[in-house]
Amino acid sequence: MWPFNRKGPSGFSSSSTAEDVTQGVDGTGLTAIVTGASSGIGTETSRVLALRGVHVIMGVRNMVAGKDAKEAIVKEIPTAKVDAMELDLSSMASVKKFASEFNSSGLPLNILINNAGVMATPFMLSKDNIELQFATNHLGHFLLTNLLLENMKKTSRKSRKEGRIVNVSSEAHRFSYREGIRFDKLNDKSGYSSFAAYGQSKLSNVLHANELARTIKQDDGVEITANSLHPGAIATNLFRQSNIMNGIVNTLGRFVLKNVQQGAATTCYVALHPQVKGVSGEYFSDSNLSKASAQGRDSELAKKLWDFSMNLIK
């Protein structure tokens with residue numbers, strides 16, 4: 001059934017599920033934030049982390065859906081420690097409110113999973129007047145990470161456990177605009193392509209993780225890693241909206257469709273597995289080390305995006 005399920009060096013493959021890749025891993029005592037946790041791979045990531053003993057804070061835009069997802073997890077896993085908090089990544093005010101409330105709660109933070117996303121939307125501006133896919137998929141997470149990093153550093157030092165930041169990107173990062181990031185034309189409606197703009201936001205996820213890894217390495221004694229990943233093309237609502245994506249899926253074997261359990265595997269692997277200890281600034285796919293595009297590995301582009309994003313969140 002799975003022609004592409006050959007195991008990689010990690011011992012896992014594209015058909016491995018999130019439960020498979022965390023089998024035997026004890027996450028007791030760890031606290032994680034998962035954004036976009038009310039549906040799809042966000043919910044499954046939250047469920048499996050909770051199953052492994054992690055205290056999960058689900059960042060959700062829709063609190064009704066978030067509450068339902070939380071209740072479903074607790075019903076299946078009575079011992080699960082799960083909380084839902086409101087978070088709209090397309091709004092800087094919402095991100096700031098979430099981070100402020102979390103930091104005031106006194107909870108530690110070991111794992112941050114930047115998972116939420118919108119895909120191939122028509123041209124729209126966010127509440128902060130920034131192109132919606134870039135605002136939601138990249139900038140909201142950039143700001144969130146920025147606001148939670150001190151808490152993560154403190155937690156890592158105190159617990160002597162490695163902190164992990166995980167950016168859920170996509171192979172679509174290879175299909176951005178020709179120049180990679182349209183710094184001067186971010187809000188240009190005339191040149192807008194819904195799929196290239198999605199690719200741009202996903203390329204930004206890779207570059208953000210890489211530059212984050214570089215800056216953290218310069219901070220002596222801080223054990224926090226930052227990585228990005230491709231979860232696989234997953235049969236979710238996000239996916240159904242794009243005919244172009246369907247075309248790519250049919251053409252490229254690497255985009256073989258996964259179910260949600262398989263789709264959440266690489267995220268859970270990078271967030272929890274001992275094999276990934278100390279690994280930072282890398283790109284993963286199918287629960288194995290992979291290689292981002294040339295633009296995704298461009299350190300100058302990563303630095304430029306970092307400075308550009310810093311200016312936008314000021």
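## Exercises on a predicted fold

Thr31 has its place in strand S1, which covers residues 31-35. Helices and strands here are DSSP runs (H or I with at least four residues for helices, E with at least two for strands), numbered from the N terminus.

Before you start: residue numbers begin at 1 in each chain as its sequence is written, and side-chain values use heavy atoms, with hydrogens and water left out. The model is predicted, so local features need pLDDT of at least 70 and side-chain atom pairs count only at pLDDT 80 or more, while totals for chains, interfaces and linings use all residues.

### Exercise 1: a strand residue

Decide whether Thr31 is buried or exposed, then list what Thr31 touches beyond four places in sequence.

*Solution.* 
- Step 1: Buried means under 20% relative accessible area, exposed means over 50%, and partly exposed is in between (1.4 Å probe, protein chains only).
- Step 2: Thr31 has a relative accessible area of 4%, so it goes down as buried.
- Step 3: Now look for contacts, meaning heavy atoms within 4.5 Å. Skip residues up to four places away, and Thr31 touches Val54, His55, Ile57, Phe102, Pro108, Leu109, Asn110 and Ile111.

### Exercise 2: the whole chain

Work out how the radius of gyration of the protein chain fits the value for a compact globule, and find what share of its residues is buried.

*Solution.* 
- Step 1: Count the elements: the chain has 11 helices and 10 strands.
- Step 2: Apply the globule rule, 2.2 Å times the number of residues to the power 0.38, with the radius taken over C-alpha atoms.
- Step 3: Check the spans. Along its principal axes, the C-alpha trace covers about 50 × 50 × 40 Å.
- Step 4: Of the 314 residues, 57% are buried.
- Step 5: The chain exposes about 13700 Å², and carbon and sulfur atoms supply 51% of that.
- Step 6: Take the contacts between residues at least 6 apart in sequence: 76% of them join residues at least 24 apart.

### Exercise 3: two helices

Describe how helix H2 (residues 40-51) and helix H3 (residues 63-76) cross, and name the residues that make the contact.

*Solution.* 
- Step 1: Two packed helices are described by the angle between their axes and the distance between the axes.
- Step 2: The axes of H2 and H3 come within 10 Å and cross at roughly 35°. Each axis is a line fitted to C-alpha atoms over the stretch in contact, with angles running from 0 to 180 degrees between N-to-C directions.
- Step 3: H2 brings Thr43, Ser46, Arg47 and Ala50 to the contact, and H3 brings Ala69, Ile73 and Glu76.

### Exercise 4: positive phi

Give the phi of Arg160 and of Asp286, and say where each residue lies.

*Solution.* 
- Step 1: Most residues other than glycine have a negative phi.
- Step 2: Arg160 isn't a glycine, yet its phi is positive, near 60°. It lies in the loop between helix H5 (132-159) and strand S5 (163-168), and at 75% relative accessibility it counts as exposed.
- Step 3: Asp286, also not a glycine, has a positive phi of about 50°. Its loop runs between strand S9 (283-285) and strand S10 (288-290), and at 24% relative accessibility Asp286 is partly exposed.

How values were computed
Areas by Shrake-Rupley, 256 points an atom, 1.4 Å probe, with all protein chains shown as cover.
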